[in-house]
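Please open the structure in your viewer and keep the selection tool at hand. The tour below goes from one selection to the next and says what is there.

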Amino acid sequence: MQVLKNLYKLAGEEYRMVPNVFAVKAEDALVLIDCGTDEREWQVITENMRGWGIDGVPVTHVLITHAHGDHAGNAAMLQRAGAKIIVGERAVSVEDAENPLNFHYAYQEPCKPFVPDRYVKDGEELMIHGLKFTVIAAPGHSAGDVVYQVEMDGKSILFLGDVFHIDSYGEKAWIGEQWFLDSDYDAYMRSLYRLMHIHADVLLSAHMQGCLRDCDQILRSAFIQAQEKFDGRWNKKLFLKEIGLI
């Protein structure tokens, strides 16, 4: 489905697939945000590229939001085809197929390992085909989670990965349990608090649906919900000291 003039959703629940995959068309190239789990999902992605008439546009970059197999599973294949793979600096598990931090045990086949073309850190700006993607480190769901922000078609877009999702009516954030081996509730709450202070016109997460209006309200609701849901599982007192409220 076409989200904006040059932004496409190529995988997700609409196609009976778990992860979302997005394509940004920039000049004469495609930048993917995540890339799906396996070959079966890649077939659906390529079918949708064909349907939208962008199958002839080369995929030159893949921005991985985090290293779990349903988001990075096709990265090795795309790298062999010539795409540059970009990953957050703390997502080192992608280099080892058997590393449990990449959640490989949840899939029929382990994620094929790869060495990213570039590890990126918080605040880095990636100039790709005339578009500027800003990296926002957002650990908590996993240690290596990053959010990518890009300005295009007159809108500020945040690709959230699994930091949080949006409920079925697009009214508020949907917060899942953070139970992975490298999940960290304190880091997670700090990430949500930081995102709450970033303006966005469009929110696109790695599962469920996106949001095309009232996004600042959704960002605030994520922090509020998580604060209530994870009460007692994070050090609220230390957090309040850090932001100068006590």
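Predicted model: local features only at pLDDT ≥ 70, side-chain atom pairs only at ≥ 80, totals over all residues.

Begin by selecting the five strands of the open sheet, which lie in the order β8-β9-β10-β11-β14 and show mixed pairing. At its edges are β8 (125-128) and β14 (202-205), each of which pairs on one side only. Neighbouring strands of this sheet are turned against each other by 25° on average, with direction ignored.

Now turn to the aromatic rings, for which a search of the whole structure finds nine pairs. Select Tyr 193 and Phe 239, whose ring centres are 5.1 Å apart and whose planes meet at 85°, so the pair is edge-to-face. This pair links distant parts of the chain, since Tyr 193 belongs to helix α4 (residues 185-195) and Phe 239 to helix α6 (residues 236-242), 46 residues apart.

Are these two residues buried or exposed? Tyr 193 counts as partly exposed, at 25% relative accessibility, whereas Phe 239 is buried, with a relative accessible area of 4%.

Finally, include Phe 223 in the selection, and you have one aromatic cluster formed by Tyr 193, Phe 223, Trp 234 and Phe 239.

Key. Residues numbered from 1 in each chain as written. Heavy atoms only, no water. Pairing = 2+ DSSP bridges. Helix = DSSP H or I, 4+ residues; strand = E, 2+ residues; numbered from the N terminus. Axes fitted to C-alpha atoms, helices over the stretch in contact; angles between N-to-C directions. Phe/Tyr/Trp six-rings, centres within 6.5 Å; stacked < 30°, edge-to-face > 60°. Buried < 20%, exposed > 50% of the residue type's maximum accessible area, 1.4 Å probe, protein only.
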